[in-house]
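Please study the sequence and the predicted model shown below.

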Amino acid sequence: MSRLVLVLGDQLSHDLTALKKAEKGSDIVVMAEVAEEAGYVGHHPKKIALIFSAMRKFAAALEDEGWKVRYTRLDDPDNAGSIVGELLRRAEETGATGVICTEPGEWRLVEKLKHAPIKTHILNDTRFIASHAEFEDWAEERKALRMEYFYREMRRKTGLMMEGDKPAGEKWNFDHENRKPAPDEVIYEGPLWFEPDAIVEEVLALVEARFADHFGDLRPFGFATTRDEALEALDQFVAHALPRFGDFQDAMMEESDFLYHAVLSPYINLGLLGPLEVCRAVEKAWQEGHAPINAAEGFIRQIIGWREYMRGIYFLEGPEYVKRNVLKHDRDLPAFYWGGETRMSCLSHAVAVTRKEAYAHHIQRLMVTGNFALLAGVDPHQVHEWYLAVYADAYEWVEAPNVVGMSQFADGGIIASKPYVSSGAYINRMSDYCKGCHYSVSKKTGEGACPFNLLYWHFLDRHRDRFKSNARMGNMYRTWDRMDEDRRETVLRDAEALLERLDAGEVI
Ligand code: FAD
Ligand code: DLZ
Ligand code: SF4
């Protein structure tokens, strides 16, 4: 009796547990481009094109290896429109009596598969370094779930950059060396892009026809869509960007969308690259003296630390996590997040690169778009849906803890020990955005004052009860309290006026 083997769009790995469990001779792989997955948020066209192209090529590779594959294209007239619908249709067609699948990365789909009217066996996703059980054990013993301590466990577990039981360089974390401001120039030609072949062109035409109304530029499209291409992109990063990755990890520049960032998350999250193999390549470059320790450690921490930790939190906290809103923020997401006009140069740049590339690097996401939404009191669920839609690497297991937790503090501090808020001074220090801005970063009040300066104090003032006793925020409140009362009133009045203009849909 044959079974169906479901392979989802972000499960394009040959070592997927569902494939390992299945019998190549008798079981049937099901892959499907469906409206439900393409439409639960308005995904960036580049993201849809990446997923569909990589799915089509992965299905063809499985067939070459001898698997029986039933692949449904989006425009197939019999397409049932959803993953469960496609499984039922294929079961009827083939006589298969059950489904094997690897756990999806979103609760939404986990619940659908659990309640599907066909026997479905959901296997663990072993493409991560920590299993759910390991993360739960680690979390159980602790009051505060700080990433740094989890990261050390992952270093010990993987042996990455370890010398016996000690961290290489006698320190776990070299982050303090990784905060250099924007350099004068970037000596890196950027990530490797790939000319669309016939398969990709066909997908691009489909996406153009079906998702023209989604935010984002489809062309030029250059993402890797196979494992071999993704490995080439990894080589390019390690050879040419890694040595400076650490130094300029937090910098932002008008002239460079990528600086020395890897732009590998779309491939790792799809399953084309394994997190451990990426880290081993980086470790090797450091061992061979090609990259300094702050770059290699900083990069490896992002993957075995932050990436694994975010997944752990998402599955630990459960399906309701995405609805959290402890700060009770309820403002609508401003239109400029979808490309509407703004005079704020930093936001305009972060949104422009997002529209063009389905990408923005960590600090643009955290300290520009995320910071503004938090300061302005935007409904975190709307913020979450925006991030889930616009980035090529966005799947809920990794996006939601980054947005709801780290960026919007909507989980009350599970992930972040204090909110990631800053005035314009931080953006000015780390970027070259302010020099060309309509607003003046040095102006704290009045006409032309940087909106981040006004909203920063407004945020601290309106959430004083929650944050006043937070040890890491004491200095901020002391600075605020030292200002004379007239000045504080002016700041708050100007901030209120700015928010009113934002609500009225005026260009700010
Ligand atoms: P690099 O800066 O070169 O980092 C190397 C790798 O580390 C990345 O490829 C990624 O796999 C991993 N990584 C780094 N930081 C994180 C992190 N905080 N969480 C998980 N992995 C991390 N990352 C996603 O993969 N998907 C998302 O939907 C996502 N949403 C985010 C939303 C917000 C508000 C913030 C602040 C961060 C988000 N991140 C997300 C994390 C990070 O911004 C991206 O992983 C990174 O920008 C990807 O680009 P890169 O490959 O050039 O990363
Ligand atoms: C994101 C996405 C999109 C846009 N389309 C599909 C699809 O048509 N078929 C599919 O199997 N997967 C798709 N995906 C990825 C899934 O949404 C992803 O597997 C879940 O969000 C779980 O991470
Ligand atoms: Fe952004 Fe303010 Fe700088 Fe303008 S002045 S770029 S709004 S931080």
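**Exercise 1.** Determine how many cavities of 30 Å³ or more the structure holds, and state the volume of the largest cavity.

*Solution.* Begin with the count: three cavities reach 30 Å³ or more. Next, take the volume of the largest cavity, which is about 330 Å³.

**Exercise 2.** Describe which residues and elements line the largest cavity.

*Solution.* The lining consists of 24 residues, and those closest to the centre of the largest cavity are Gly-9, Glu-37, Tyr-40, Ile-51 and Tyr-395. Then turn to the elements: two or more lining residues come from each of strand S2 (28–32), helix H2 (35–39), helix H3 (45–64) and helix H5 (107–114). The largest share, five residues, is given by H3. Finally, sort the lining by class: 16 residues are nonpolar, three are polar and five are charged.

**Exercise 3.** Carry out the analysis for the second largest cavity: its volume, its lining and the classes of its residues.

*Solution.* By class, the lining of the second largest cavity has ten nonpolar and three polar residues, and no charged ones.

Definitions and conventions. Residues are numbered from 1 along each chain as its sequence is written. Chains are lettered from A and ligands numbered from 1 in the order in which they are written. This is a predicted model: local features need pLDDT of at least 70, side-chain atom pairs count only at pLDDT 80 or more; totals for chains, interfaces and linings use all residues. Side-chain values use heavy atoms; hydrogens and water are left out. On a 1 Å grid over the protein atoms alone, a cavity is a set of points where a 1.4 Å probe fits but cannot get out, and a pocket is an open set with protein on both sides within 12 Å along at least five of seven lines; lining residues have an atom within 4 Å of a point. Grid points are joined across faces, edges and corners, and a volume is the space filled by probe spheres set on the points. Helices (H or I, at least four residues) and strands (E, at least two) are DSSP runs, numbered from the N terminus. Ala, Val, Leu, Ile, Met, Phe, Trp, Tyr, Cys and Pro count as nonpolar, Asp, Glu, Lys and Arg as charged, and the others, Gly among them, as polar.
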